[in-house]
Amino acid sequence: MTGLEKMVERITGEARAAADKKVEDARSQAAVILEDTEKETKKLCAAIQEKSKAELAASQERNQSAMDLMRRTEILKAKQKLIRETIDKACESFCNVEGEAYYKVLEDMVAKFARPEEGQMLLSPKDFDQAPADFTQKIETAAKKAGGSLTVRKTQVSIGKGFVLSYGGIEENCSFKALFADKKDELQDQVSRILFS
């Protein structure tokens, strides 16, 4: 082997050795990168899985809250309907009072609503015509106890059951329906306590 051939062989050997070392280094680096990538991928997968679990739990909680709210809303609607129906039935029952009992209720109402001044009690034509003979006297007595006086008169205005008190041109509607409407909130509270306590 000539000197040139030896030199080429030595250079070739060194080049091969350098190339083998670079390939080995590259393989080592690739293995480290692959290991780091696998670790990072596992971390990302675990984080995504945790995030998905948290989002699922939050979604289930929101759904449960929405269902609870809907249930409470429906219960409230049912309670309000029952309260309304109870008050309507009480008003209807009260409006169906007839005869002496009805006129006794009117007397009691006058005792409560009469003012200490001169006025008129206006009745529907039917109530005026069917009033007991001593009704006017009882109304005058009740008004005197309040410090005033009332004249019982027939009105053509349709007021249903009850009456209208008129003092100096100012009228107070004392019909049963008006009284129930006026006490609506108070009645709702009382009926609610009775039905749901």
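Let's start with E107 and K138, whose side chains meet in a salt bridge, 3.9 Å from N to O. One thing to keep in mind: this is a predicted model. Now, E107 sits in helix 2 and K138 in helix 4, so this pair ties together parts that are 31 residues apart in sequence. Are these two buried or exposed? E107 counts as buried, because its relative accessibility is 15% and the cut-off for buried is under 20%. K138, at 37%, counts as partly exposed.

Okay, zoom out to the two helices. Helix 2, residues 99-113, and helix 4, residues 135-145, pack at an angle of about 20°, with their axes 8 Å apart. That makes helix 2 roughly parallel to helix 4. Who makes the contact? From helix 2 we have Y103, L106, E107, V110 and A111, and from helix 4 it's F135, K138, I139, A142 and A143. Sort those residues by type and you get 8 nonpolar, no polar and 2 charged.

D129 pairs with K154, with the closest N and O atoms 3.1 Å apart. D129 lies in helix 3 and K154 in strand 2, so this one ties together parts 25 residues apart in sequence. D129 is exposed, at 53%, while K154 is partly exposed, at 35%.

Then there's E74 with K77, at 3.7 Å. Both lie in helix 1, 3 residues apart, about one turn of the helix.

Definitions and conventions:
Residues are numbered from 1 along each chain as its sequence is written. This is a predicted model: local features need pLDDT of at least 70, side-chain atom pairs count only at pLDDT 80 or more; totals for chains, interfaces and linings use all residues. Side-chain values use heavy atoms; hydrogens and water are left out. Axes are lines fitted to C-alpha atoms, for helices over the stretch in contact, and angles run from 0 to 180 degrees between N-to-C directions. Helices (H or I, at least four residues) and strands (E, at least two) are DSSP runs, numbered from the N terminus. Angles under 35 degrees count as roughly parallel, over 145 as roughly antiparallel, 65 to 115 as roughly perpendicular and the rest as oblique. Contact means heavy atoms within 4.5 Å. Ala, Val, Leu, Ile, Met, Phe, Trp, Tyr, Cys and Pro count as nonpolar, Asp, Glu, Lys and Arg as charged, and the others, Gly among them, as polar. A salt bridge is a side-chain nitrogen of Lys or Arg within 4 Å of a carboxyl oxygen of Asp or Glu. Buried means under 20% relative accessible area, exposed over 50%, partly exposed in between (1.4 Å probe, protein chains only).
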